Amino acid sequence: DAVGVAFAKRSATTVDTSAWYECPIAWRGGIQPGSAIDFSGLNDKPAGKLGFLKRKGGRFEFEKAPGKPVRFWGINFALSGPFPDKDLAAGIASGAAAQGANLVRLHLYASGDRLVGSNGQLNADLLDRMEYLIAELEKNGLYVFMDLNDGMPYEALAGIPSTKNENLKVASLFNADLRRGTKRLATELFTHVNPYTGKALSRDPAVAMFEIINE
């Protein structure tokens, strides 16, 4: 298509960045609370206090605020992003809220050797970090969007080889063994009670969305 052709023909000339200046992102509590650029006051806190997200016609609304449209401005925490050191989690969450975000997608958390061990069991330390981060996000009025089938380690979860084959995501719609692996991860992760919120992800109204299969 036209976009592909334009991309293929783009110049390979190196961009001169000598006149550029640093623009650090205040990703960890770097925005002064109450300042003109602190947008955290737009978030209802904690996330989930208005009940579960519902679809009403062509819009979202919370079950305890019927008739009030809900809009999300989301960001992505991918790969190792869902597992920050616990002493960083509060600053990360407050920084995201200060910049106007009200939704965080936890993405690719099970790809490679993340979260799921070679025996198919969840890594207790990484699970603890993720659940602690989720609790901090909720405190700051940030809702959670959970991935599921996205780079899953099927070899560990269901004894299926070729874990890097992207076609396995599509095949998991039809293959019983792959579906079993997907269900195993969903069951173990989504029904585990988060000790920092007292709720399983499947029963937490601050978890606004679940993505069954990516792309």
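In this predicted model, helix α2 passes helix α3 in a right-handed crossing, a crossing being right-handed if the near helix is turned clockwise from the far one by less than a right angle, and left-handed if anticlockwise. The protein chain comes to six helices and eight strands, where helices (H or I, at least four residues) and strands (E, at least two) are DSSP runs numbered from the N terminus. Residues are numbered from 1 along each chain as its sequence is written, and side-chain values use heavy atoms, with hydrogens and water left out. Local features need pLDDT of at least 70 and side-chain atom pairs count only at pLDDT 80 or more, whereas totals for chains, interfaces and linings use all residues.

**Overall layout**
- Along the sequence, the elements of the protein chain follow the pattern α-β-β-β-α-β-α-β-α-α-α-β-β-β.
- The C-alpha trace of the protein chain spans about 55 × 55 × 40 Å along its principal axes.

**Helix packing**
- Helix α2 (residues 86-98) packs against helix α3 (residues 124-139) at an angle of about 30 degrees, and their axes lie 9 Å apart; axes are lines fitted to C-alpha atoms, for helices over the stretch in contact, and angles run from 0 to 180 degrees between N-to-C directions.
- The two helices, α2 and α3, are therefore roughly parallel to each other, a term that covers angles under 35 degrees.

**Sheet and hairpin**
- An open sheet with parallel pairing is formed by four strands in the order β3-β4-β5-β8, two strands counting as paired if DSSP finds at least two bridges between them.
- Its edge strands, each pairing on one side only, are β3 (74-78) and β8 (207-210), and neighbouring strands of this sheet are turned by 25 degrees against each other on average, direction ignored.
- Strand β3 is joined to β4 (residues 103-107) by five bridges, the two running parallel, and Phe-77 stands opposite Leu-106 in β4.
- Strands β1 (residues 53-56) and β2 (residues 59-62) run antiparallel and are joined by four bridges, with Glu-61 in β2 as the bridge partner of Lys-54.
- The hairpin of β1 and β2 has two residues between the strands, and in it Gly-57 takes a positive phi near 65 degrees.

**Largest pocket**
- The largest pocket has a volume of about 330 Å³, a volume being the space filled by probe spheres set on grid points that are joined across faces, edges and corners.
- On a 1 Å grid over the protein atoms alone, with a 1.4 Å probe, a pocket is an open set of points with protein on both sides within 12 Å along at least five of seven lines, and lining residues have an atom within 4 Å of a point.
- Its lining holds 15 residues, of which Leu-42, Asp-44, Val-70, Arg-71 and Asn-102 lie nearest the centre of the pocket.

Conventions: Parallel < 35°, antiparallel > 145°, perpendicular 65-115°, else oblique.
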